[in-house]
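I opened my notebook to look up which side chains pair by charge in this model. My entries follow the order in which I looked things up.

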Amino acid sequence: RIGAIVLCRDVTELRHQERELITKDATIREIHHRVKNNLQTVASLLRIQARRSHSDEARESLNQAQRRVAAIAVVHDTLSEGLSQSVDFDAVFDRVLLLIAEVASTHNTKVHPKSSGSFGVLPSEYATPLALALTELVTNAVEHGLAGREGEVSIDAHRSVDELEVRVRDNGTGMPEGKVGTGLGTQIVRTLIQGELGGTIDWHTLMGQGTEVTINVPFRWLRKR
């Protein structure tokens, strides 16, 4: 006597959910792609306006705004290339570092950028404020620390289980301790690191010996979001 058991399962709903996920991922990538394109358009308009400006102060402000927008666009461009909502921040920061050459060329400065350590993979909501904050710090190091001279800007990233520590150093002229942290760029960095990421930031500078900025962001704070 021969018997058989046939098991059937309706996978219609499962396949429907899979198609929804694929559509959702494609939609998210397309949104990031369009946001990136729009940001690049804004950056281009700011660059054009800066070139047409007859005021040095206005031109510099427009150039700074253009770099900030470009840094945000880099993150969205990276997100548009993959399915994950996490970012390989080392790749992002490599592109952010390219802004050094642009800043240096406008300030008659020769800069030797150096980077060490690894940022690793970070969530997208973390990558945008960090990219913008580091853009500000690197730009400030070139504009104010090394303006008109040859020097070095180094960025060291150290990631542990509990936090990310980043040190940005230059060997420029430095500033008196009491005068650190009063400009617009510094205020932006404070808002991003302390407000957006729940971290800490510390400036240490010695006159004639350069400046070091240390950022610490706890990962436990990110997990609460």
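I began with Arg167, which has 26% relative accessibility and so counts as partly exposed, a class that lies between buried (under 20% relative accessible area) and exposed (over 50%), with a 1.4 Å probe and protein chains only. I noted that this is a predicted model, in which local features need pLDDT of at least 70 and side-chain atom pairs count only at pLDDT 80 or more, while totals for chains, interfaces and linings use all residues. I also noted that residues are numbered from 1 along each chain as its sequence is written, and that side-chain values use heavy atoms, leaving out hydrogens and water.

Next I looked up the partner of Arg167, and found a salt bridge with Glu212, with the closest N and O atoms 3.0 Å apart; the term stands for a side-chain nitrogen of Lys or Arg within 4 Å of a carboxyl oxygen of Asp or Glu. Arg167 sits in strand β5 (residues 163-170) and Glu212 in strand β7 (residues 210-218), so this pair links distant parts of the chain, 45 residues apart; strands (E, at least two residues) and helices (H or I, at least four) are DSSP runs numbered from the N terminus. Glu212 is partly exposed too, at a relative accessible area of 21%.

I then found that Arg169 also meets Glu212 in a salt bridge (3.4 Å, N to O). Because Arg169 lies in strand β5 and Glu212 in strand β7, their pair ties together parts 43 residues apart in sequence. My last entry here is that salt bridges with shared partners join Glu165, Arg167, Arg169 and Glu212 into one network.
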